[in-house]
Amino acid sequence: LSMISPLGVADARLPQFAWSSDTDTVDDHTAFGTALGAHFKATIQARFADLRAHGQLGQMLQTYNTSAGSALYDGFLKTHERLAPSSIAELRGLAAGAAVPFQQIFLQNIPLEFTDCSAASGLAPPRRPRDDHCSDFQLCDPAGACAVGHNEDNDAVDLNRTALVGARFGARSWTAYTYLGELPSGAFGFNADVAFTLNWVGPTDVVCPGLGRGFVSRALLDAADLDAAVATATQPGQCAGHNFQLMRLGKQPSILNVEAAPRGLYAVRPIGADVFFHANQYQTLVVPQTYGNSSIHRLARAAEILRDAPPTTPEAIAHALGDQQDHAYPIFHDAASHAAGDLSDWTIATALFDLRKATLTVFAGNPRKKDVLATVALNGAFA
């Protein structure tokens, strides 16, 4: 086992971690989690202190400390130990390495699921509709650009508490943008064959307990091809739902927009020459759902962009992701947008997957400023 220098990225503003093993056992996953937790111990502890004080984790712990909440937690844990043992091993190692109680680590890896099920069971107040989270412009013109641009939006507590994580287990390796203290990746990632980005969606029907979204996206990092990625994203037994931008890498790249919901419901939309924008509501799959004002506003603003000047290049997609014309709920969130009246959260990072060039570019701040944190080859390697 060894840590190695990942990605060749010299920019210190993008924390990085890489790990390698010649085998792929549960013990290897425990060791990976332990090393990751120890490497970022101080940051993880600081993040979790803020999550307990200001985030959903504090409310989840209050629920967990009741008999009914503890039973719900146990149901979730048993479900994940059965369906995702390697991921649970990573979380147990992460908790040990970071010296954070495992219960807190596990809850933070199922925050929406545990909160929604607590509300459905009458154990906690209903969670408010999310006004925030991520969005994507996507385009795959057979005669032109093939790219996905992604704004990773989340709470202020998560700013500067993420890292680019690379790992190799046996013959397969992957790279993932990771919230520290959580499974890789709740944001975006890739291996040698597939890449993905993620958007929150809010189906009102939930299965309690069920498989958490973070565990589904962790499994996507191991997908051998696009078909396997679709099967992973749409697998039965999920607690809630998610939106996935799934990308096939290689000489003939392609993009699928996948919306999944509980009880085996899903929709797959192939992406072609017409630019498609996705925020935080179902747009293809018809299911009862909840969403906030930010998604409504961003979809409306994106429709204006696609009507007036649809992006046709990766660079134009990055430019569109930096749009702040809607002051209340802009597409890109930063200090400037909040000073102008932004009522939503923060863009943690912007990612641009250029499938023709086989590169991932991560930007610092508004991508219109073209401040590049890293440009990474989409080959699955991290060394």
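Some housekeeping before we start. Residues are numbered from 1 along each chain as its sequence is written, and side-chain values use heavy atoms, with hydrogens and water left out. As the model is predicted, local features need pLDDT of at least 70 and side-chain atom pairs count only at pLDDT 80 or more, while totals for chains, interfaces and linings use all residues.

Okay, helix α4, residues 67–83. Helices here are DSSP runs of H or I with at least four residues, strands are runs of E with at least two, and both are numbered from the N terminus. α4 has 17 residues and spans 24 Å from first C-alpha to last, close to the 24 Å expected at 1.5 Å a residue (the expected span is 1.5 Å times one less than the number of residues).

Which residues of α4 are buried? They are Gly69, Leu72, Tyr73, Phe76, Leu77, Thr79 and His80. Buried means under 20% relative accessible area, exposed over 50%, and partly exposed in between, with a 1.4 Å probe and protein chains only. These residues sit on the same side of α4, because they cover an arc of only 160 degrees around the axis; the arc is that of the directions from the helix axis to the C-beta atoms. Over on the other side of α4, Ser67, Lys78 and Arg82 are exposed.

And what do the buried residues of α4 pack against? That would be α3, α5, α6, α7 and α8, with contact meaning heavy atoms within 4.5 Å.

Now over to the hairpin. β12 (residues 346–354) and β13 (residues 359–363) form it, with four residues between them; in the turn, Ala358 has a positive phi of about 60 degrees. Five bridges join the two strands, which run antiparallel, and Ala351 has Val362 as its bridge partner in β13. Two strands pair, by the way, if DSSP finds at least two bridges between them. β12 also pairs with β3 (residues 146–154), again antiparallel, over eight bridges. There, Ala147 is partnered by Asp354. β12 is mostly covered, too: eight of its nine residues are buried.

Last stop, the open sheet. Eight strands line up as β1-β4-β5-β6-β7-β8-β9-β10, with mixed pairing. β1 and β10 stand at the edges with a single partner strand each, so one side of each has no neighbour in the sheet. Inside that order, β5 and β6 run antiparallel and are joined by four bridges. That's the tour!
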